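Please take a look at the model below.

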2 protein chains.
Amino acid sequence: MSKKNQNQFVSEIADINTDFPRWYTDVVIKTELVDYGPVKGTMVIRPYGYAIWENIQSEMDKRIKKTGHQNAYFPMLIPYSFLTREKEHVEGFAPEVALITHFGDEELAEKLVVRPTSETIICEMYSKWVKSYRDLPLKINQWANVMRCEKTTRPFLRTSEFLWQEGHTLHTTAEEAEGETLLMLSVYEEFMKNVLAIPVLTGKKSEKEKFAGAVATYSMEAMMLDGKSLQAGTSHYLGQNFAEAFNIKYLDKDEKHKFPYQTSWGVTTRLIGALIMVHGDQRGLVLPPRVAPIQTIIIPVAMHKDGVLDKAKELENRLVEAGIRTKTDTTDNSTGWKFNEWEMKGVPVRLEVGPRDIENNQVVLCRRDTNEKITVSMDNLEGEIQKLLDEIHEAMYQKAKDYLYSNIVPVNSIEELKEAVDNGKFAKMMWCEDRACEDKIKELTGATSRVMPFDSEPFGDVCPICGKKATKVMIFAKAY
Amino acid sequence: MSKKNQNQFVSEIADINTDFPRWYTDVVIKTELVDYGPVKGTMVIRPYGYAIWENIQSEMDKRIKKTGHQNAYFPMLIPYSFLTREKEHVEGFAPEVALITHFGDEELAEKLVVRPTSETIICEMYSKWVKSYRDLPLKINQWANVMRCEKTTRPFLRTSEFLWQEGHTLHTTAEEAEGETLLMLSVYEEFMKNVLAIPVLTGKKSEKEKFAGAVATYSMEAMMLDGKSLQAGTSHYLGQNFAEAFNIKYLDKDEKHKFPYQTSWGVTTRLIGALIMVHGDQRGLVLPPRVAPIQTIIIPVAMHKDGVLDKAKELENRLVEAGIRTKTDTTDNSTGWKFNEWEMKGVPVRLEVGPRDIENNQVVLCRRDTNEKITVSMDNLEGEIQKLLDEIHEAMYQKAKDYLYSNIVPVNSIEELKEAVDNGKFAKMMWCEDRACEDKIKELTGATSRVMPFDSEPFGDVCPICGKKATKVMIFAKAY
């Protein structure tokens, strides 16, 4: 492929600096992660995208089970009346539920909704299952599809139907339930760091931004390359709100009937959007090695020369055997075309092997994240690549972390806040916790309150919006 | 627990010989595999049941990937008009689809259906993706929930919503597509044998019983303990029916535009029903070891004696380390109660360890399938249990196979057929392939045509129903 063609190829993707939204859409469509479904707001997750989700699931599921949760599956159809039992819950979800009125020709006596989340139906079942303190804690997780009819949608980030896991637990004490809420948030944070190479800010949401029906919502927020915030996962402390609404009662040791304390927490296919917008570059995807469907792409150079293809296949088999997800590109495309293609698709390591390499018992490895090339012996190839994948992971995490922390700025006025968020930064502000100030900021700058980070040091005691006493450090940002 | 109490415990399950349907319901509910959902016909798959499904998924997914398929995810919502494009398809599914008319308060311009199966939406996407012969074969699988509103439902066997995998492939030639159809049927058959320990009859369905929109449907049929047949999985050759309806066209090497040939195939959560009704007994579940959520249950005998619990935990850790799914029952229930409980729950191996066993460096292993007890040394416990699990698997398969083949009887008249199916047998009949005879048999005996087994030898040439020439061996049976 000529230089000119290579440029053409890259130029198919919109400029990441001047048109980030189109860059994102170009990348997800051209790399065949996703396609638009026929019904507005729905997406088809194509094999390359779904393989990322399978890797996310597998890593997350391990962690969910290790912390003592069991998976189960609850029905997708919920009687409409269930939604209405928790007042805030129905206000939050009623406008965006998909309503089922008929089975075939038969009209239903009661309308059903496709689950927008499963608190209500799970509480209904828990009210049957939980009798005694011996049944607690009850710690169940579900992997499922959910449906929220959204007006403005974007593949992975906001779609009417999406895939997720939702954990739902019951506990005898508020302390234990709060502990669970924070434990799962920390599991998410660790997952983001060690699997997706994404640093997050964790902490509490404002009253305005909390989950419909929760006492408190904790969230992790990640910074995208355009400086916007993405809520990457949430963990809710529900108190006894749903337990009371669904009459979940257990007989305690003291022979009294009590309502248990509840949590719920989830992450979604949105995480795929997050990793694209945190790590990507002008050439396309840069996939974190631990979820990349292909970790090493082997490009046989001078493929039709004697022995090259055999050697490539031999190396592929060795790497697959060692648990490294590996593929060999044996198509008739030019080497240049292949380089571009797999760079766009974000494969962490490219392995080049040609006649001269074979003679010298070596291969060339090229990192997607830095473009660096190294030549290594074939002898301990498995070990070399595993080490390189770990190095790439660490480098990607460090880069994203530097980016995040160098783009958080303290602000002391609405003007400073506006300037910060307009320039792709997170604004850190001392806040009075009053919703009026939050609303005013939204109105004047387009930024919303994101999270009150656990690890933040107060740097003043006056809310610059209203002049009253500030009690919390709040991150304001534009958000997805 | 006294003898009396033990009997009471067992007597909670209806008699398997006199009331098989209630036995089934008692077993699935009492062992907490499943519960009824609030919407009629839906089920909640509880953790113990879902863990079986996860093991089925993991084993089946390996096989699907090994045969060159990739997973993807297509939207659950399908425009109603898609259904109508393939005439037989809409006739088959329209009466049982769940219809969505509103998103929140907003009425939709076009009604949507929750997928009863995904041929239509997948074909719509394939028509966008497939351009050239280079794009073929296209081999995609999906794990998903589907919805078919059924009048008469039973947990796992027939529910309005169920979980499944559905494979959808496109090929350039009819031969290749037919080969794929049969390949996946053979993958299913191997899975049934080697994972669920269930023998099946495989072959073609009648025209009447085939999938709505298929050219030919192949099926595997398993015999339940009451002699009824359960269709355990199907593989469809769709020819060009859907490709034409959805205008999927590719440019072939000869520069001509052509319709590809298609297949689809699936198995569902119904498999859980199958393994219960093939292997169960009066005491409850008998789970095939390779999908049992717990393969070995450790019962510490004289649990509160010094060292017993420690030793039990040590053995548990060793077995878990060796990849054997193991749990120790440390509850305060009596040993007798524990024995009954875990027998009912079908755990393949019970391990008893008490003070005297510890002294002698041995444990007692008891098989769920035969009740046999053996005493083995603790030294190579991992190896002993793995060997025992394999033996149990083989024995369960052999027993089910003997049962199946000793209950297939050749019949030469409608009276013989009726007698056979009324006595819990499969009737094997030479058949003219005429639908009128099939309908007559249904009307007079309640039996339906199940499958024309691949390996069946003709034993006559006259159809006993109409007296005309018989061309095929057909299995007739009552069915779930």
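## A charged network in chain A

Which residues are linked in a network of salt bridges? They are D281(A), R283(A), E343(A), R350(A), E352(A), R368(A) and K373(A). Keep in mind that this is a predicted model. Over all chains, the structure holds 74 salt bridges. Three further pairs are described next.

## D254(A) and K258(A)

In chain A, the side chain of D254(A) forms a salt bridge with that of K258(A). The N to O distance is 2.8 Å. D254(A) is partly exposed, because its relative accessible area is 39%, and buried would need under 20%. K258(A) has 27% relative accessibility, so it also falls in the partly exposed class.

## E190(B) and R63(B)

In chain B, E190(B) and R63(B) join their side chains in a salt bridge, at 2.7 Å from N to O. This pair links distant parts of the chain. E190(B) lies in helix 7 (residues 174–194) of chain B. R63(B) lies in helix 3 (residues 47–66) of chain B.

R63(B) has a relative accessible area of 17%. The cut-off for buried is under 20%, so R63(B) counts as buried.

## K418(B) and D422(B)

Another salt bridge in chain B pairs the side chains of K418(B) and D422(B), with 2.8 Å from N to O. Where do these residues sit? Both are in helix 14 (residues 414–422) of chain B. They are four residues apart, so about one helical turn separates them.

K418(B) is partly exposed, with a relative accessible area of 36%. D422(B) is partly exposed too, at 39% relative accessibility.

## S235(A) in its strand

Back to chain A. S235(A) sits in strand 11 (residues 229–239) of chain A. Is S235(A) buried or exposed? It is buried: the relative accessible area of S235(A) is 0%.

What does the side chain of S235(A) reach? It reaches the backbone oxygen of T181(A), at 2.7 Å. T181(A) is also one of the residues that S235(A) touches, not counting those up to four places away in sequence. Also among them are M184(A) and L185(A), then A216(A), T217(A) and Y218(A). S264(A) and W265(A) are on that list as well.

Terms used. Residues numbered from 1 in each chain as written. Chains lettered and ligands numbered in written order. Predicted model: local features only at pLDDT ≥ 70, side-chain atom pairs only at ≥ 80, totals over all residues. Heavy atoms only, no water. Helix = DSSP H or I, 4+ residues; strand = E, 2+ residues; numbered from the N terminus. Buried < 20%, exposed > 50% of the residue type's maximum accessible area, 1.4 Å probe, protein only. Polar contact = N/O pair within 3.5 Å; in protein donor to acceptor, adjacent residues only side chain to side chain. Contact = heavy atoms within 4.5 Å. Salt bridge = Lys/Arg side-chain N within 4 Å of Asp/Glu carboxyl O.
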